[in-house]
Every structure is written in structure tokens, then in C-alpha cells.
Amino acid sequence: MVKLPDNVKEALANQQVASLVTADKNGVPNVCLMGFVKVRDDETLIMANVFWKKTEANLKENPKAALSAYMPPMKAYQIKGSVELIDKGPLLDEVADWVASKMANLKPKGAALFHVEEIYSVSPGPSAGERIS
């Protein structure tokens, strides 16, 4: 596991929408806009599965994913790792409460833990594309 640096945590906490990229077992990519992503601990993100269809199917076939984190004006990161789907239990209850606190009319059908394995800078400039963790 890789620890999330404070600047990446800050970008995740301040972004409006993240992009989650998955691929099926044949490598066909899918991108999903994510409104519910937050840091759970130094090595894990938590996400709400509200409308996932292809994303959920892909993660069942291939748990690897990449997530963007962007904080204007110029901080951007790509986080790669493995995703663990959660469809019941206390973690799903926690995610349901979190989603309801932001948008009362939404009910997640699941949750996911994103275990961070690599982090890259994708901010404009000479360090774009470099691994930072």
C-alpha cells in the first residue's frame, strides 16, 4: 500500500467530481464521474456506488482502477489501485448516511474501498506524469 500525501488528500477533499476509470477483463475502458469519494485513511479511499452499472460489472471482472483528483487552479493527481466492492454491513450504512447528508433523495446500492497502490502527478508542468508515491 501507498500512503496518500497531504496535498493529494487536500485535492480529494476539495474537488467537485472525480473520474473513476475501470476496464473489463478484455481491457475495454469505462469512465464514471464520481460525486462521492473521500479519504478513509492514509491508504484507502471510500466511494459510493449510486449509479454504477458498467463500472460495477468491470470491477467484478477486474478490480484495478484509476481515479483523478483535481483541485483548481493547477493541482491534479492520478491514483491507481484495487477496488473492493461492499454491498452490505456497517460500511454500506456509513456510506448511505454520508450520501443522504449531501443529497437526501439518493440511496447508494453499494460502497467501495479503493486501496491506493500508486500516485502520479498530472499537474501541468515538468513533473506531469511522474510517480510521487
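**Sheet architecture, helix packing and side-chain pairing**

In this predicted model, seven strands are arranged as an open sheet whose order is β2-β1-β5-β6-β7-β4-β3, with antiparallel pairing. Strands β2 (29-34) and β3 (37-41) stand at the edges and have a single partner strand each, so that one side of each is left without a neighbour in the sheet. From one strand to the next, the twist averages 35°.

Helix α1 (residues 6-14) touches β3, β4 (44-49), β5 (64-71), β6 (75-86) and β7 (110-121), and its direction makes about 80° with that of β5. Helix α2 (residues 54-61) touches β1, β2, β4, β5 and β6, and the angle between its direction and that of β1 is about 50°.

The loop between α1 and β1 contains Q15, which counts as buried because its relative accessibility of 14% lies under the 20% limit. The side chain of Q15 reaches the backbone nitrogen of Y70 at 3.1 Å. When residues up to four places away in sequence are not counted, Q15 touches S68, A69 and Y70.

Side chains of opposite charge can pair when their charged atoms come close. In this model the count comes to eight salt bridges. One of them is formed by the side chains of K54 and D24, with an N to O distance of 3.9 Å; this pair links distant parts of the chain, since K54 belongs to helix α2 and D24 to the loop between β1 and β2, 30 residues apart. K54 is partly exposed, with a relative accessible area of 39%, whereas D24 is buried, with a value of 10%.

A salt bridge also joins the side chains of E94 and R40 (2.9 Å, N to O), linking helix α3 (residues 90-102), where E94 lies, to strand β3, which holds R40, across 54 residues. E94 counts as partly exposed at 33% relative accessibility, and R40 likewise counts as partly exposed at 41%.

Between R131 and E118, the side chains meet in a salt bridge at 3.6 Å, N to O, and the pair connects the segment after β7, which contains R131, with E118 in strand β7, 13 residues apart. R131 is partly exposed, with a relative accessible area of 48%, and E118 is partly exposed at 23%.

Terms used. Residues are numbered from 1 along each chain as its sequence is written. This is a predicted model: local features need pLDDT of at least 70, side-chain atom pairs count only at pLDDT 80 or more; totals for chains, interfaces and linings use all residues. Side-chain values use heavy atoms; hydrogens and water are left out. Two strands pair if DSSP finds at least two bridges between them. Helices (H or I, at least four residues) and strands (E, at least two) are DSSP runs, numbered from the N terminus. Axes are lines fitted to C-alpha atoms, for helices over the stretch in contact, and angles run from 0 to 180 degrees between N-to-C directions. Contact means heavy atoms within 4.5 Å. Buried means under 20% relative accessible area, exposed over 50%, partly exposed in between (1.4 Å probe, protein chains only). A polar contact is a pair of N or O atoms within 3.5 Å; within protein, one must be able to donate a hydrogen and the other to accept it, and residues adjacent in sequence count only if both atoms are side-chain atoms. A salt bridge is a side-chain nitrogen of Lys or Arg within 4 Å of a carboxyl oxygen of Asp or Glu.
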